[in-house]
Amino acid sequence: MNPSPTDSVSDLQEAVPAPAISRGRRFSIVWLIPLIAVLVGGWLAIKAWRESGPTITIMFKSAEGLVPGKTEIKYKDVTVGKVETIQLSEDLSQVLVTATMSREVANYLTQDTLFWVVRARVAAGEVTGISTLFSGAYIGVAPGTEGKPIYRFDGQEKPPSVLPDTPGRSFTSRRRSWAHWISDRRSITVRSGWDA
Amino acid sequence: MTLSSDGLNKGTAAAHGLYNCHICGLLVRRPKIPASHVHCPRCGGRLHLRKPNSISRTWACVIAAMIFYIPANLLPVTVTTYLGRSQADTIMSGVIYFMKSGSWGIAGIIFVASIVVPIAKLMVLSGLMFSVQRRSRWRPLERAHLYRLTETIGRWSMLDVFVVTVLVALVRLGYLSTIEAGPGVVYFAAVVVLTMIAAMTFDPRLIWDALEKNDESITD
């Protein structure tokens with residue numbers, strides 16, 4: 001028997017079987033970090049993809065006050081789209097405004113959808129769009145109701161005097177004698193409840 | 001005793017069965033029998049020959065940082081409202097804005113701190129990891145320098161986050177003008193923090209380990 005402790009250790013090491021060495025747990029907890037990154041990134045991508053709607057083109061006579069990447073398209077003062085680019089048509093007669101719309105209004109972009117530029121206007125008897133003096137012009141939209149979705153629209157020069165969702169019936173007066181107090185082809189709304 | 005014939009490695013502590021405490025620097029004898037919980041006799045810190053699990057920890061942080069770098073650049077970092085007109089700016093659009101307005105210096109600083117440095121860090125760290133995993137013997141000194149540079153410049157990327165923080169606090173003029181932080185800042189800060197952690201968890205001695213002839217004992 002050797003009294004040296006180191007030798008007794010080496011004797012022991014040869015006498016007893018070697019332990020089974022496993023590499024420990026294979027999955028280190030640090031891999032949760034990229035996993036979370038993937039989840040967050042994927043969630044952002046899905047969110048962006050789900051919220052992106054169709055791209056449409058609107059033709060206007062002039063792009064006055066419209067800024068690509070900034071001008072918004074609003075319905076009831078809620079932003080439903082954004083102008084991406086502004087180009088001239090091939091014969092230079094019109095301005096082509098491309099805009100991405102949000103997904104929620106995609107089904108309402110039909111034949112009878114109206115677009116117009118809201119800017120400060122002083123017309124007979126009314127002043128509209130004062131807020132756009134500071135915020136810049138925006139594009140107003142009146143959603144369509146029927147038909148298939150389309151992606152090219154003719155923009156109106158003036159806002160429609162009666163929005164399609166205004167309750168009531170619209171009539172157009174052709175009588176000459178009214179002309180002095182009704183300005184050019186202006187429609188008159190008869191509120192529902194009054195007609196019967 | 002397994003001494004390498006390579007002159008460079010003759011004196012390494014690992015070759016002599018020694019290692020030092022990563023916290024207080026005390027040189028300690030390595031136990032002959034492998035044990036899982038070895039502590040420094042002076043400060044009580046965990047003892048290990050190399051930073052534990054260095055490669056997978058660094059990879060995890062680098063990959064997470066790469067993923068977060070995408071929303072950091074695509075999402076706006078500032079939302080500026082000026083007279084009711086609001087504008088969202090990403091990092092790159094901010095750089096372009098400063099360039100167009102003639103502030104070349106500011107544009108250059110933001111470009112270097114927010115775009116060049118993070119990309120360089122991610123590339124350098126990935127390159128180092130690849131070379132270490134392949135036990136490359138290619139230009140170890142340059143790689144070590146590159147690592148030190150990466151570790152030093154890392155914190156400067158945080159500059160952009162501080163710029164946004166200061167702007168948000170300073171520009172509060174009510175309706176006239178306000179600046180708000182966009183969601184991109186969070187992801188950008190995550191990139192900076194993750195790359196800094198990645199640089200910390202990477203063990204630069206792994207670069208030199210590949211040069212040792214008998215390096216079985218080093219993989220502790």
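Reader: Thanks! How many residue pairs are in polar contact across the interface of chain A and chain B?

Author: Happy to start there. This is a predicted model, in which local features need pLDDT of at least 70, side-chain atom pairs count only at pLDDT 80 or more, and totals for chains, interfaces and linings use all residues. Side-chain values use heavy atoms, without hydrogens and water, residues are numbered from 1 along each chain as its sequence is written, and chains are lettered from A and ligands numbered from 1 in the order of writing. A polar contact is a pair of N or O atoms within 3.5 Å; within protein, one must be able to donate a hydrogen and the other to accept it, and residues adjacent in sequence count only if both atoms are side-chain atoms. Across the interface of chain A and chain B, with both residues at pLDDT 80 or more, the number of such pairs is 0.

Reader: Which element gives the most to the side of chain A that touches chain B?

Author: Helices (H or I, at least four residues) and strands (E, at least two) are DSSP runs numbered from the N terminus. The elements giving two or more residues to that side of chain A are helix 2 (32–51) and helix 3 (132–135) of chain A. With 6 residues, the one that gives the most is helix 2 of chain A.

Reader: How do the residues on that side of chain A divide into nonpolar, polar and charged?

Author: Here Ala, Val, Leu, Ile, Met, Phe, Trp, Tyr, Cys and Pro count as nonpolar, Asp, Glu, Lys and Arg as charged, and the others, Gly among them, as polar. On the side of chain A that touches chain B, the division is 9 nonpolar, 4 polar and 1 charged.

Reader: What area do chain A and chain B bury between them?

Author: The contact (heavy atoms within 4.5 Å) takes 14 residues from chain A and 20 residues from chain B. Buried area is the accessible area (1.4 Å probe) that two parts lose on being put together, summed over both. Of the area buried between chain A and chain B, 75% is on carbon and sulfur atoms, and the total is about 1400 Å².

Reader: And salt bridges: what is the count over all chains?

Author: A salt bridge is a side-chain nitrogen of Lys or Arg within 4 Å of a carboxyl oxygen of Asp or Glu. Between chain A and chain B the count is 0. Over all chains, the count comes to 3 salt bridges.

Reader: Which residue forms a salt bridge with B:Arg50?

Author: B:Arg50 sits in the loop between strand 2 (27–29) and helix 1 (54–74) of chain B, and its partner is in helix 7 (residues 205–209) of chain B, 159 residues apart. Both residues of the pair are buried, that is, under 20% relative accessible area, where exposed is over 50% and partly exposed in between (1.4 Å probe, protein chains only). With N to O at 2.8 Å, the side chain that meets B:Arg50 is that of B:Asp209.

Reader: Why does B:Asp203 count as buried?

Author: The side chain of B:Asp203 meets that of B:Arg205 in a salt bridge, 3.2 Å from N to O. B:Arg205 is partly exposed, with a relative accessible area of 28%. B:Asp203 counts as buried because its relative accessibility is 2%.

Reader: Is B:Met129 buried or exposed?

Author: B:Met129 lies in helix 3 (residues 104–133) of chain B. Leaving aside neighbours within four places in sequence, B:Met129 is in contact with B:Ser54, B:Ile55, B:Thr58, B:Trp59 and B:Phe202. At a relative accessible area of 0%, B:Met129 is buried.

Reader: Which residue has its backbone oxygen 3.4 Å from a polar atom of the side chain of B:Ser177?

Author: B:Ser177 belongs to strand 5 (residues 177–181) of chain B and is buried, at a relative accessible area of 11%. Not counting residues up to four places away in sequence, B:Ser177 touches B:Tyr82, B:Val171 and B:Arg172, among others. The backbone oxygen at 3.4 Å is that of B:Thr81.
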